[in-house]
Amino acid sequence: MTHVIDGNAVAESVRDDVRAAIDDLEAEGVTPGLATVLMGGDDGSATYVSMKQRACEEVGIDGTTVEIDPDEPAEALYEVIDDLNDDPAVHGILVQMPLPDHVPKREVLSRVDPLKDVDGFHPENVGRLVSGNPRFKPCTPHGIQKMLAAADVDPEGMDAVVLGRSEIVGKPMANLLMQKADGGNATVTVCHSRTRDLAEKTRNADLVVAAVGRPEMLTGDMLSEGTVVIDVGTNRVDADTEKGYELTGDVDFESAKQKASVISPSPGGVGPMTITMLLYNTVTAASLQSGVDVEL
Ligand SMILES: Nc1nc2c(c(=O)[nH]1)N[C@@H](CN(C=O)c1ccc(C(=O)N[C@@H](CCC(=O)O)C(=O)O)cc1)CN2
């Protein structure tokens with residue numbers, strides 16, 4: 001029987017730990033604060049930002065959203081980041097991706113105080129992750145590690161294939177899976193748009209993480225029996241629904257489920273974990289900045 005991971009249930013159990021840690025911080029007079037900055041984005045950005053705001057309210061984090069007109073120059077965003085860096089009530093800063101084309105992403109990510117960088121995208125935090133001493137693990141791959149642990153999947157010794165090389169998911173996921181640490185110790189292959197014979201790579205994998213943003217591109221015939229499959233995709237596909245679209249993962253769930261031993265669906269898998277690990281990182285940031293130790 002294939003085990004279908006319930007991302008909402010795993011997220012809820014991590015949120016219980018987050019709530020307990022927030023109680024410990026509150027007892028010392030510290031309320032964790034998260035500022036989310038939205039400057040334009042894609043079809044999903046405004047939805048994800050309001051989900052983040054709601055999640056903060058639900059666990060007791062002081063969440064604020066700053067919206068910047070996407071036609072403003074990059075300097076408007078720099079000014080907002082500088083102010084948030086200087087605000088002691090803000091422990092975590094997140095700039096929602098993607099940004100408008102005229103805004104240089106690297107400049108923006110380097111501008112965020114690395115101690116408040118709850119996305120883990122600042123070069124200092126990327127360097128720490130790669131060198132095996134992470135401060136903030138990026139939310140989606142961190143959430144996937146938690147999901148795998150909850151499903152009793154230990155990547156140690158596995159042949160893992162990561163589909164996609166984005167800064168947000170593919171690269172940090174590959175790094176975490178290869179690390180000499182719990183949730184790592186796998187042999188990792190990263191595949192992308194120039195990879196030859198993709199199906200040959202995925203058929204030889206024990207674990208596949210699909211994060212390419214192409215609806216249902218990973219199908220059951222590309223997998224071997226017993227593979228663990230994690231679907232990161234949340235693609236909006238035109239459909240005759242109230243919203244005019246439906247959400248589809250990067251995995252063809254029905255055919256992949258025939259082969260997989262463990263599989264995460266989308267929606268309802270990795271997405272809820274992404275938001276939960278943001279709350280987790282915000283609490284970690286508040287703990288680091290206040291000097292109040294919490295257990296997470
Ligand atoms: N600064 C960042 N930008 C972006 C990140 C990120 O981690 N940091 N990740 C993605 C999008 N993302 C968070 O921002 C995200 C995507 C999906 C979900 C989610 O919960 N999806 C639900 C479905 C929600 C819906 O109805 O639309 C699910 O999968 O069940 C949360 C967060 C890009 N940008």
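This is a predicted model: local features need pLDDT of at least 70, side-chain atom pairs count only at pLDDT 80 or more; totals for chains, interfaces and linings use all residues.
Between domain 1 and domain 2, the buried area comes to about 380 Å², and carbon and sulfur atoms give 44% of that area. The division itself puts domain 1 at residues 30–114 and domain 2 at residues 139–273, and across the boundary 7 residues of domain 1 are in contact with 4 residues of domain 2. If one takes the centres of the two domains over their C-alpha atoms, they are 27 Å apart.

Let me turn to the annotation. UniProt, in an unreviewed entry, places the feature "domain: Tetrahydrofolate dehydrogenase/cyclohydrolase NAD(P)-binding" at residues 138–288. In the model, that span is 35% helix and 19% strand, with 17 Å between the C-alpha atoms at its two ends.

The unreviewed UniProt entry also carries a "binding site" annotation, which covers Gly 164, Arg 165, Ser 166 and Thr 234; of these, Ser 166 and Thr 234 are included in the lining of the largest pocket.

Is Gly 164 buried or exposed? With a relative accessible area of 6%, Gly 164 counts as buried, because that value falls under the 20% cut-off. Setting aside residues up to four places away in sequence, Gly 164 touches Gly 170, Val 190, Cys 191, Ala 211 and Val 212.

Thr 234, for its part, is found in the loop between β8 (228–231) and β9 (235–238), and its relative accessibility of 37% makes it partly exposed. Once neighbours within four places in sequence are left aside, the contacts of Thr 234 are Tyr 48, Leu 247, Thr 248 and Ser 266.

Finally, I would like to point to Gly 29, located in the loop between α1 (7–27) and β2 (33–39), where a relative accessible area of 65% makes the residue exposed.

Technical notes:
Residues are numbered from 1 along each chain as its sequence is written. Side-chain values use heavy atoms; hydrogens and water are left out. UniProt positions are given in the numbering used here, feature names are shortened, and annotations may be inferred rather than shown by experiment. Helices (H or I, at least four residues) and strands (E, at least two) are DSSP runs, numbered from the N terminus. On a 1 Å grid over the protein atoms alone, a cavity is a set of points where a 1.4 Å probe fits but cannot get out, and a pocket is an open set with protein on both sides within 12 Å along at least five of seven lines; lining residues have an atom within 4 Å of a point. Buried means under 20% relative accessible area, exposed over 50%, partly exposed in between (1.4 Å probe, protein chains only). Contact means heavy atoms within 4.5 Å. Domain bounds come from an automatic or database domain assignment. Buried area is the accessible area (1.4 Å probe) that two parts lose on being put together, summed over both.
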